[in-house]
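Here is a short briefing on the structure shown below. Topics are grouped, and the points are kept brief.

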Amino acid sequence: MRAAGIVLIAGLLALAAALVLVLSGSPAVLAGTNGIEPAARLAAVPGSGSGCQARETLPAHTTAIRLSLEASSGPRVAIAVRAPAAGTAGAGGTAGSAGAAAAVRAAGTAGAVGPIVARGQSAPGWLAKVVTVPLAPLDRAVRDVTVCFAFRGANERISFLGAPSARRVAASYSAGRPVGSPAGGAAGGLPGSPGGVRALPGRIAIEYLRAGSRSWWSLASSTARRMGLGRAWAGTWVAIAVACLMASAIAAGAWLIVRESR
Amino acid sequence: MSARRRTGGRARPATARPATARPGAGRAGAGPPGAGRAGAGRVGVATRDVARRVRQALARVPTAAWLCALVACVNAVSWSLVTPPFQVPDEQAHFAYVEELARTQRLPSSSTQDYAPDEVLALEELEVGRVSFQPEHGTIASRAQQRKLARDIARAVSAFGSSRGVGAAGDAASEPPLYYALEAIPYELGAGGGVLDQLALMRLLSAVFAGLTALFAFLFVREALPASRVSWTVAGLAVAVMPALGSISGAVNPEAMLCAVAAALFYCLARAFRRGLTRRGALAIGALTAVGFLTKLNFLGLAPGVALGLALLSGRMGREAGARHAVRVLAPGLALAASPVCVYVAINVLSHHHTLGFSSGALAATYKRSLAGEASYIWQLYLPRLPGMGVDFGDISPLRDLWFRGLVGEYGFEDTFLPRWVDTVAAVAVAAILALAARAAFVRARALARRAGELAVYAAMAVGLLVLVGASSYLSFPAEAAGFPEPRYVLPLVALLAAALALAVRGAGRRWGAAAGALIVVLFIAHDVFSQLQVIARYYG
């Protein structure tokens with residue numbers, strides 16, 4: 001019983017400490033967006049694919065890129081951000097993994113000849129309409145970058161979401177093997193486009209995230225206020241009720257464990 | 001505690017008590033003049049008898065089990081407040097089903113997503129379509145939006161009045177009606193306040209099912225692993241604060257009720273294997289099976305395991321008390337279990353619909369495809385691909401990326417997730433728990449071997465459900481690699497998780513068992529707390 005009590009108290013104290021630590025951190029906030037709404041399905045690519053979109057701005061301190069792709073069980077997605085030719089070399093130019101290499105090749109094929117300033121890779125198994133790819137942050141913004149991405153090994157169609165645009169500013173993509181890979185573009189190649197690269201009918205929605213400067217503590221009141229909206233019985237009481245319910249559930253559970261281990 | 005009540009697994013003949021011993025028995029032969037009164041009296045006595053037995057049965061449930069149920073209820077209510085309206089998979093469709101059932105007293109006839117006008121209004125004003133699947137969008141954020149929402153919903157309530165519009169039930173249309181019929185009660189109670197009031201009350205009913213799930217998980221472990229008292233509480237509490245269960249039971253979703261029904265079935269089967277099958281036990285299993293069929297189509301996956309359990313139990317009874325006695329005990333339960341299916345088929349046949357209603361289409365679609373391909377797909381959905389199998393999931397590991405990661409931390413429309421490093425921490429915890437459970441199983445290997453039949457029944461229920469989920473997912477393959485499988489579909493097996501946790505407590509040994517149990521409960525509590533915080537951050541941060 002004594003050991004159970006000690007473990008319980010130590011565990012709950014550790015939980016409280018972890019809570020304080022987490023709430024002292026800052027949530028990721030939107031550092032920038034390309035202003036495109038992911039309202040239209042621009043293309044759907046089976047298996048492997050890649051794409052590049054120029055005329056993007058990578059905000060300073062970006063820690064992740066949200067790319068509007070859609071899947072029920074998405075594959076690993078690699079991103080490489082290439083600066084314009086005279087841009088700043090940041091994260092180096094060597095590819096760390098097969099996926100990253102594909103994204104780098106995609107960047108090269110798309111004519112984005114500057115150095116790679118940032119790259120990252122998502123975990124596989126993502127679902128829904130965005131995939132978030134973490135990046136190593138740069139301490140300053142880089143304008144006019146080309147964001148390239150690549151994925152492979154998906155056994156379903158991966159959709160690119162965005163909005164229609166003029167062809168000259170549209171994103172490019174390739175189905176099948178990632179663009180720039182030794183065997184060229186899509187299986188059999190895509191008509192009318194060297195290497196299987198073709199223009200999308202629009203631009204893909206992209207968002208850039210960075211670590212926020214305000215802690216969760218300082219956001220507590222606004223978060224609690226928002227929790228109370230869109231409810232049957234609106235009000236900040238919702239947040240207070242959740243806190244009370246969880247506290248009482250934890251207290252009851254702890255008491256029960258101590259009682260039963262006697 | 002219950003070990004003391006152990007009966008050695010001997011079945012007591014259901015007819016052991018003479019009929020005349022029952023109050024009111026023997027009046028059946030009363031002459032015509034008194035027949036009505038005698039009949040009414042018999043019914044009254046029988047009702048009182050049943051009520052007394054129920055009271056006695058409830059009084060035998062340990063306080064710890066009730067507390068686990070209470071904790072589960074409270075946790076699910078908390079989840080119902082944390083989760084924004086309609087931000088759980090298919091909640092819109094489940095709400096629409098209840099709405100149609102309550103307004104027309106008829107089952108849904110269309111599976112389109114043309115919901116009733118008041119629901120559509122709420123969905124639009126809450127920006128549900130914009131928020132779901134897109135974690136970059138939170139819920140409504142201004143008081144002006146809230147005022148407009150409240151005003152429009154109030155206007156809709158007064159405008160629709162008694163001639164409220166009726167819509168279709170979306171994806172839920174093919175589901176059986178029992179859960180929705182129960183949800184019609186809170187729906188009607190909240191009718192004066194509009195859609196959001198109704199939804200909030202309906203979610204509270206789902207939370208009650210979370211309590212029942214934890215209660216029966218506790219009781220199942222007490223029957224299946226009676227030696228360690230603290231392990232029952234650890235198992236019950238872990239289930240009670242399990243975030244996946246809280247999330248789904250804090251929403252309008254028949255999965256909440258199915259979890260409770262499945263946990264109750266596991267308990268009844270464990271009890272029957274331990275104490276022998278009585279007529280009352282068979283009736284309980286039959287009634288729960290019927291309720292399961294009427295709750296959600298996924299119950300079909302559990303049914304073969306239940307049938308196997310009844311077959312093994314009746315075989316054992318036949319050997320001990322004779323085949324005729326076994327049939328007498330089993331027949332009413334079987335008839336009760338099969339009745340919903342028979343009635344459903346009869347209604348469909350008489351109304352010139354497909355024999356199995358909406359399900360017929362899915363079955364027909366299955367038959368048109370390769371059986372070997374389907375078997376390979378289902379295998380790969382849960383297990384590593386074998387040589388010679390086609391690649392159905394690319395570089396994704398379904399076990400890791402869909403099931404494990406999903407159960408560890410994906411909520412809402414699976415667009416809300418814990419950071420990936422949590423998976424690693426969870427994997428370490430799961431490995432430790434499995435190691436302790438394996439140790440307990442190894443130490444008691446002989447005792448477990450004697451219970452091979454019982455274990456086969458639980459395995460059959462689990463495999464049946466997994467195969468059903470896989471077969472359903474295969475319908476949308478290859479357009480979607482894994483369009484259907486969601487971790488919530490395996491929640492009806494939560495009683496088995498409870499048993500594994502109880503085994504882990506025992507595996508830690510007599511000295512450290514309680515401490516290991518306390519650690520497991522703390523881990524589950526931490527998981528729950530941070531999961532709710534993640535949902536709060538996603539929608540309101």
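Strand β3 (residues 49-58) of chain A pairs with β10(A) in the antiparallel sense, over seven bridges. The model is a predicted one.

**Sheet in chain A**

- Ser50(A) stands opposite Ala150(A) in β10(A).
- Strand β6 (residues 77-82) of chain A is also joined to β10 (residues 142-151) of chain A. Six bridges link β6(A) and β10(A), and the two run antiparallel.
- Within β10(A), Phe151(A) is the residue opposite Val77(A). Thr146(A) in β10(A) faces Arg82(A) as its opposite.
- These strands belong to an open sheet of six strands in chain A, ordered β7-β6-β10-β3-β12-β13. The pairing in this sheet is antiparallel.
- The edge strands are β7 (116-121) and β13 (198-199) of chain A, each of which pairs on one side only.
- Why is β10(A) largely enclosed by the rest of the structure? Eight of its 10 residues are buried, so the rest of the structure largely encloses β10(A).

**Contact between chains A and B**

- Chain B gives 68 residues to the contact, and chain A gives 50 residues.
- On the side of chain B that touches chain A, the elements giving two or more residues are α2 (63-82), α6 (143-160), α8 (195-224), α9 (229-240), α17 (398-409) and α22 (509-540) of chain B.
- The largest share of that side comes from α22(B), with 15 residues.
- By type, the residues on the side of chain B that touches chain A divide into 44 nonpolar, 13 polar and 11 charged.

**Helix pair α2(B) and α9(B)**

- The axes of α2(B) and α9(B) come within 8 Å and cross at roughly 15°. Angles under 35 degrees count as roughly parallel, and α2(B) and α9(B) are therefore roughly parallel to each other.
- The crossing of α2(B) past α9(B) is right-handed.
- From α2(B), the residues in the contact are Ala64(B), Ala65(B), Cys68(B), Val71(B), Ala72(B) and Asn75(B). They meet Trp232(B), Thr233(B), Gly236(B), Leu237(B), Val239(B) and Ala240(B) in α9(B).
- Residues of the contact between α2(B) and α9(B) divide into nine nonpolar, three polar and no charged.

**Helix α7(B)**

- Which residues of helix α7 (residues 178-189) of chain B are buried? They are Tyr179(B), Tyr180(B), Glu183(B), Ala184(B), Pro186(B) and Tyr187(B).
- The cover over the buried residues of α7(B) includes α3 (91-104), α8, α11 (254-275) and α12 (279-295) of chain B.

Terms used. Residues numbered from 1 in each chain as written. Chains lettered and ligands numbered in written order. Predicted model: local features only at pLDDT ≥ 70, side-chain atom pairs only at ≥ 80, totals over all residues. Contact = placed C-beta atoms within 7 Å. Helix = DSSP H or I, 4+ residues; strand = E, 2+ residues; numbered from the N terminus. Nonpolar A, V, L, I, M, F, W, Y, C, P; charged D, E, K, R; others polar. Pairing = 2+ DSSP bridges. Buried ≥ 20, exposed ≤ 12 C-beta atoms within 10 Å, placed from the backbone. Axes fitted to C-alpha atoms, helices over the stretch in contact; angles between N-to-C directions. Parallel < 35°, antiparallel > 145°, perpendicular 65-115°, else oblique. Left-handed = near helix turned anticlockwise from the far one by under 90°.
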